Amino acid sequence: MSLAESLIRELERESKATRAVLERVPDDQLSWKPHPKSMSLGCLAFHVAAVPARVAEVGAVDTFH
């Protein structure tokens, strides 16, 4: 199995857990913060949802600058 195939399988497994977490984020609590200096629950949920796309972007480039 190539490195790319291994990473794809890992992302597929993680996406199931990520979806389950995001489905449990209550819409009426998106502005909640565990601490005044913390990001809001909505920002954290967006960050978690965006990570797979960022990983795909990194995987699509041939070189890093």
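Helices here are DSSP runs of H or I with at least four residues, numbered from the N terminus, and in this predicted model Leu7 lies in one of them, helix α1. The protein has two helices and zero strands. Its radius of gyration is 15 Å, well over the 11 Å that the globule rule gives for 65 residues, so the protein is more spread out than a compact globule.

**Overall dimensions and burial**

- Along its principal axes, the C-alpha trace of the protein spans about 40 × 30 × 15 Å.
- Of the 65 residues of the protein, 5% count as buried.

**Packing of the two helices**

- Helix α1, which covers residues 3–23, and helix α2, which covers residues 41–60, have axes that come within 10 Å and cross at roughly 160°; because angles over 145 degrees count as roughly antiparallel, α1 is roughly antiparallel to α2.
- The crossing of α1 and α2 is left-handed, and the contact is made by Leu11, Thr18 and Leu22 on the side of α1, together with Ala45, Val48, Ala49 and Val55 on the side of α2.
- Sorted by class, the residues in the contact of α1 with α2 are six nonpolar and one polar, with no charged residues.

**The loop and Ser40**

- Ser40 lies in the loop between α1 and α2, and because its relative accessibility is 12%, Ser40 counts as buried.
- When neighbours within four places in sequence are left aside, Ser40 is in contact with Leu30, Ser31, Trp32 and Lys33.

**Leu41 in helix α2**

- Leu41 is found in helix α2, where its relative accessible area of 22% makes Leu41 partly exposed.
- Not counting residues up to four places away in sequence, Leu41 touches Val25, Pro26, Gln29, Leu30 and Trp32; of these partners, Leu30 and Trp32 are also in contact with Ser40.
- Leu41 and Ala53 stand twelve residues apart in sequence, and their C-alpha atoms are 20 Å apart in space.

Definitions and conventions: Residues numbered from 1 in each chain as written. Predicted model: local features only at pLDDT ≥ 70, side-chain atom pairs only at ≥ 80, totals over all residues. Heavy atoms only, no water. Axes fitted to C-alpha atoms, helices over the stretch in contact; angles between N-to-C directions. Parallel < 35°, antiparallel > 145°, perpendicular 65-115°, else oblique. Left-handed = near helix turned anticlockwise from the far one by under 90°. Contact = heavy atoms within 4.5 Å. Nonpolar A, V, L, I, M, F, W, Y, C, P; charged D, E, K, R; others polar. Buried < 20%, exposed > 50% of the residue type's maximum accessible area, 1.4 Å probe, protein only. Rg over C-alpha atoms; globule rule 2.2 N^0.38 Å.
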